[in-house]
Amino acid sequence: MTGSTFLTFAIDASQLFVILAIMLAFGRLALGPSLADRIVALDMMTVSITAFCALFAMSRKDVVFLDIVIVLALVGFLATVAMARFSETFLTRLHREDTSK
């Protein structure tokens with residue numbers, strides 16, 4: 001087995017595992033019992049999709065997809081921070097309403 005063949009096999013296997021991770025995270029996103037579970041699942045999906053794009057760029061030997069990887073990573077980070085902030089204010093407001101009754 002040559003180095004190029006092994007690299008192709010490793011990239012293909014990694015893409016399959018990343019697709020499996022995306023499917024599992026989507027299941028947690030759909031079934032998650034709490035808002036925090038859904039936020040973590042969404043973050044996991046963003047990271048997995050970013051990894052898939054990077055692996056796709058490696059398999060096609062095309063650097064254009066690396067720009068997509070950088071943008072997706074930044075947007076995913078900002079979305080996770082925004083959702084965490086939203087959930088914090090939502091839970092604080094909900095707690096305040098419960099104690100005032």
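**Reading helices and their contacts**

Author: Let us begin with a loop. Lysine 61 is placed in the loop between H2 and H3. Please keep in mind that this is a predicted model.

Reader: How does one check the span of a helix, for instance that of H1?

Author: The expected span is 1.5 Å times one less than the number of residues. Helix H1 covers residues 3–31, and its 29 residues should therefore span 42 Å; the C-alpha atoms at its ends are 42 Å apart, which agrees. Helix H3, residues 64–100, has 37 residues and reaches 55 Å from its first C-alpha to its last, close to the expected 54 Å.

Reader: Which residues of H1 are buried, and which helix is included in what covers them?

Author: Buried means under 20% relative accessible area. In H1 the buried residues include Ile11, Gln15 and Val18, as well as Ala21, Ile22 and Ala25. Their cover includes helix H2, residues 35–60. In H3, Val69, Gly76 and Ser87 are buried, and what covers them likewise includes H2.

Reader: At what angle do H2 and H3 pack, and how is their relative direction described?

Author: An angle over 145 degrees counts as roughly antiparallel. H2 and H3 pack at about 175°, with their axes 9 Å apart, and they are therefore roughly antiparallel to each other. On the H2 side, the residues making the contact include Leu35, Ile39, Asp43, Thr46, Ile49 and Thr50; on the H3 side, they include Phe65, Leu66, Val69, Leu72, Ala73 and Gly76. By class, this contact has 15 nonpolar, five polar and one charged residues.

Reader: Where is threonine 50 found, and is it buried or exposed?

Author: Threonine 50 is found in helix H2. Its relative accessible area is 12%, so threonine 50 is buried.

Reader: Which residues does threonine 50 touch, and what lies 2.7 Å from a polar atom of its side chain?

Author: Not counting residues up to four places away in sequence, threonine 50 touches Val69, Leu72 and Ala73. The backbone oxygen of threonine 46 lies 2.7 Å from a polar atom of the threonine 50 side chain.

Technical notes
Residues numbered from 1 in each chain as written. Predicted model: local features only at pLDDT ≥ 70, side-chain atom pairs only at ≥ 80, totals over all residues. Heavy atoms only, no water. Helix = DSSP H or I, 4+ residues; strand = E, 2+ residues; numbered from the N terminus. Buried < 20%, exposed > 50% of the residue type's maximum accessible area, 1.4 Å probe, protein only. Contact = heavy atoms within 4.5 Å. Axes fitted to C-alpha atoms, helices over the stretch in contact; angles between N-to-C directions. Parallel < 35°, antiparallel > 145°, perpendicular 65-115°, else oblique. Nonpolar A, V, L, I, M, F, W, Y, C, P; charged D, E, K, R; others polar. Polar contact = N/O pair within 3.5 Å; in protein donor to acceptor, adjacent residues only side chain to side chain.
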